[in-house]
Amino acid sequence: MRWVEGVGATTERSVAYVGGLAEVSANALRLLIRSPLKRSRMLDRAIHEAMAAGVGAIPIISLVTLFVGVIIALQGAYELQRLGAMQLVAGLVAIAITRELGPLITAIVVIGRSGSAFAAEIGTMRVTEELDALKTMALDPVAFLVAPKFIAMAVMLPCLAILADLLGILGGSLFGTIGGGYTFGGYMLATRDALQLRDITSGVIKSVVFGIAITAVGCHEGFSTGAGAEEVGRSTTSAVVISILLVIAIDLIFTGLFYLARGGN
Amino acid sequence: MAPSDSQDPVISVRDLRVRFGDREVLHGLTFEVRRGETLVVIGGSGSGKSTMLRALVGLEKPSSGEVRIKGVDLSTASAREMDAIRKRIGLAFQGGALIGSLSVGGNIALQLLEHTTLERSTIDVMVRIKLEQVGLSGFERYSPSQLSGGMRKRAAFARAMALDPEILFFDEPSAGLDPITAAGIDDLILSLKKAYGLTMVVVTHELASAFLIADRMVLIDHGSIAAMGPVEEVRNSKDPRVRQFLDRIADSTQEDVVDHMRIFTEGIR
């Protein structure tokens, strides 16, 4: 019966963890609405975070999704060719990228760049007493550090996801024009015909939630860092691992919901 | 000259107890800090003096007892009241705790930018003045990591004084510094005291520095107050615990054995 206890304890820890995430998010939201700090300064910090987490991620996300677009086109063409349905490659790439891979790859790159950085930043500040220093200066660490990160991520992730959509489709068109017998214009028309607005909006909505989840995990891990430098490393690692797990889980739930909302067919 | 007893206490601590898990580290401290005095808290490593300082500024929650600053009980104060108090106090951390992502000037300007409506140009002038007071003029643009330990401590003093607080707290101001730099820090504290008549609480284990800057002293030993009073009274105390600390006598080996046995038996229990 040991393993039942183990399952129970793990479940309890997981629920408590999600509770911790909800707490840090709710606190940040409350402090955003009734900010004890100056709003103009809050906006400055949010822009600073958005530059680091969002604008800084543009090159890598562009490159990765461009490649993924080519890969999907190649993989799709491999099968579709046998069916003599090469004209469907554009639609396949468009739907796979906008519904799923654009937002997901964006989220994973941002976890690696920013989720880990949030945990390391806040964890180090905890170890060096900087968080305590902020408190004694009447600067709430959640209002000062976390709230701007939430704004930045909730705004930047959908922007990055749209960029990822564009670059992924562009990647698909690279294959389409070179090896798939499309003209560039023809590929784009085929893409437009295959896409519906909700393919893009569902991806964008998901990426807003991803942004919030990544911020919550990164900051929560940072605040729960223990004493010492190796603890910062540990919380950075778990920020990345837990964020990836959480993002995939959220993706699953949202995809399921969108599927049901469409009537299940 | 120490202020008279009739003056109202700025900080009053009554039966302060703090526990971490099931280990109590402060066993009911009661003392007051009067307006304009410098209270030096001395005690060995692990005596609980840093925990006490953290409780005084509301970073550590007392498990029982109360801490009042200017009459407000910290454990029942609302967030707004707490912020109001914290704008009137300054704390210089042992390691400086300067915000690493900001420059030295940015650290000192931080509270002025967040809590006042002063013009940026005025704030820049104030930052320069504060840095000059601690002998760091010209270091505005340096990053905290580019400063030496002593400079970082002085920058932390400047930051603690940014809002011209009524009460200043120092955690180990001269720990880990060479004798010359440490003497410089003592001079700095004395000059602040003379110039502004601030109420100061200094936690230290440097005896020479403690006797130099204190009006009154508190000796904390194993989480309780072993002695408290004006400097001369503590210096001449006959209490064995006080004498042991002041005369720098190591714990006897016999006690060590008892301690070891205690650790051993607690481990079994």
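**Interface and surface features of the predicted A–B assembly**

In the predicted model, 19 residues of chain A are in contact with 23 residues of chain B, contact being heavy atoms within 4.5 Å. Residues are numbered from 1 along each chain as its sequence is written, and chains are lettered from A in the order in which they are written. Local features need pLDDT of at least 70 and side-chain atom pairs count only at pLDDT 80 or more, whereas totals for chains, interfaces and linings use all residues; side-chain values use heavy atoms, with hydrogens and water left out.

Chain A contains nine helices and zero strands, where helices (H or I, at least four residues) and strands (E, at least two) are DSSP runs numbered from the N terminus. The C-alpha trace of chain A spans about 70 × 55 × 35 Å along its principal axes.

The size of an interface is often given as the accessible area lost when the parts come together. Between chain A and chain B the buried area (the accessible area, with a 1.4 Å probe, that two parts lose on being put together, summed over both) is about 1,800 Å², and carbon and sulfur atoms give 57% of this area. Nine residue pairs, both at pLDDT 80 or more, are in polar contact across the interface; such a contact is a pair of N or O atoms within 3.5 Å, of which, within protein, one must be able to donate a hydrogen and the other to accept it, and residues adjacent in sequence count only if both atoms are side-chain atoms. On the side of chain A that touches chain B, the elements giving two or more residues are α2 and α5 (130–136) of chain A. Helix α5(A) provides the largest share of that side, six residues. By class, the side of chain A that touches chain B comprises nine nonpolar, two polar and eight charged residues, with Ala, Val, Leu, Ile, Met, Phe, Trp, Tyr, Cys and Pro taken as nonpolar, Asp, Glu, Lys and Arg as charged, and the others, Gly among them, as polar.

Over all chains the count comes to 29 salt bridges, defined by a side-chain nitrogen of Lys or Arg within 4 Å of a carboxyl oxygen of Asp or Glu. Arg41(A) forms one with Glu114(B), the closest N and O atoms being 3.1 Å apart. This pair links helix α2 of chain A to helix α3 (residues 104–115) of chain B. The count between chain A and chain B is four salt bridges, including that of Arg54(B) with Glu129(A), whose closest N and O atoms are 3.9 Å apart.

Within chain A, Leu101(A) is placed in helix α4 (residues 89–127). Beyond residues up to four places away in sequence, Leu101(A) touches Val68(A), Ile72(A), Ala96(A) and Thr106(A). The C-alpha atoms of Leu101(A) and Gly69(A) are separated by 9.1 Å, at 32 residues apart along the chain.
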